[in-house]
Amino acid sequence: AALVPREEKMEKIRVLIKNTGYRSALHDSVTLQPDCICSVLTGEGENGDEIQLPAGETLTVTADSPLFGSGDRIRIEPGIQTGHISLTNVERAQGIPSYRGSLELVKSEDKIAVINEVLLEEYLYAVVPSEMPASYPLEALKSQAVCARTYAYSKMCRAGLPSYGAHVDDSAGFQVYNNIEENAETTRAVKETKGEVLYYQNELAQTYYYSTSCGYGTDVEIWGNADAESCPYLMAQAINSGNMDLTIRAGQSDGALAVMAPMSDQARILTDETAFAGFLLEEQLSFYEREEPWYRWIYSVDRLDEEAFSAAIAERYA
């Protein structure tokens with residue numbers, strides 16, 4: 001039984017940091033370097049110990065490190081609130097990433113899981129520039145900040161990775177975190193929307209977002225087991241009003257944009273393979289995403305191992 005004498009503030013999020021290339025949740029070894037003095041808390045209970053790690057000094061930890069002592073957990077806490085800890089064994093688009101907040105190293109058999117516990121708002125400082133170019137207009141960045149905060153808060157209420165003791169990881173499996181370094185404009189967007197989240201009928205809204213569409217959006221049925229009526233605010237519709245003949249269901253108009261232009265009598269139903277293939281082959285010069293690298297793309301191989309390909313697709317789907 002647990003007694004909660006006060007309402008939890010829900011200020012901090014726990015992020016599982018994956019290794020280089022986001023290939024695994026576990027690290028063979030962890031090398032860290034703080035920019036301020038840090039406390040390294042080792043062991044558990046009365047057998048625990050605390051050592052000081054000076055600023056600029058490097059510490060490498062493996063699963064058999066004596067620092068774990070009788071426990072399976074090491075916690076590194078900066079001596080100042082603005083301190084950062086670099087993980088030099090990890091590479092991201094920005095190079096070597098550094099993290100606000102504390103780091104927890106958890107022994108898992110012969111490897112180590114790394115969990116960054118950080119204030120939610122400071123977490124967003126490193127999410128927004130990783131999910132949207134900082135060169136975008138401020139209002140777009142602010143919208144991204146609200147969506148990212150709503151998503152993160154929903155995972156804090158219902159953890160996405162309970163087996164690791166984490167709410168989210170730092171990959172596209174949740175939200176990309178600290179792949180691109182913090183930026184003044186994206187940090188401003190976070191600060192100007194501080195604490196703002198989106199609700200629908202007293203529930204946190206599912207504020208999913210994507211980098212590039214094919215020219216047509218989708219609703220929650222993209223996941224196969226969800227009912228579109230459960231999230232009516234996520235609408236499947238053409239991205240611009242010049243393509244209102246596109247639809248995904250016969251006899252159905254395209255949501256809010258339908259008031260701008262009535263659906264054509266010759267509607268193209270994109271769930272039909274022939275119609276969708278034809279749509280993808282169109283040049284669509286009016287679509288404002290046409291310059292994005294993922295808007296239309298082709299991948300060619302000299303030889304396709306159909307059995308291996310089918311197995312990979314099945315594994316990915318699962």
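Helices (H or I, at least four residues) and strands (E, at least two) are DSSP runs, numbered from the N terminus. You're looking at a predicted model, where local features need pLDDT of at least 70 and side-chain atom pairs count only at pLDDT 80 or more, while totals for chains, interfaces and linings use all residues. Residues are numbered from 1 along each chain as its sequence is written, and side-chain values use heavy atoms, with hydrogens and water left out.

**Strands S3 and S6**

- Strand S3 covers residues 29–34 and pairs with S6 in the antiparallel sense, over four bridges; to pair, two strands need at least two bridges found by DSSP.
- Valine 30 has valine 61, in S6, as its bridge partner.
- In a regular strand, side chains alternate between the two faces of the sheet.

**Zooming in on threonine 31**

- You'll find threonine 31 in strand S3.
- Threonine 31 counts as buried because its relative accessibility is 14%.
- Leaving aside neighbours within four places in sequence, threonine 31 is in contact (heavy atoms within 4.5 Å) with Thr58, Leu59, Thr60, Ser86, Leu87, Thr88 and Asn89.
- The side chains of threonine 31 and threonine 60 make a polar contact at 3.1 Å. That term means a pair of N or O atoms within 3.5 Å; within protein, one must be able to donate a hydrogen and the other to accept it, and residues adjacent in sequence count only if both atoms are side-chain atoms.
- Threonine 31 and valine 61 sit 30 residues apart along the chain, but their C-alpha atoms are separated by 6.4 Å.

**The pockets**

- A pocket is an open set of points on a 1 Å grid over the protein atoms alone, where a 1.4 Å probe fits, with protein on both sides within 12 Å along at least five of seven lines; lining residues have an atom within 4 Å of a point.
- The largest pocket is lined by 40 residues, with Tyr208, Tyr209, Tyr210, Ser211 and Trp223 nearest its centre.
- Among the helices, H2 gives the most to the lining of the largest pocket: six residues.
- The second largest pocket has 23 lining residues, and Ser213, Cys214, Tyr216, Ile222 and Phe276 lie nearest its centre.

Key. Buried means under 20% relative accessible area, exposed over 50%, partly exposed in between (1.4 Å probe, protein chains only).
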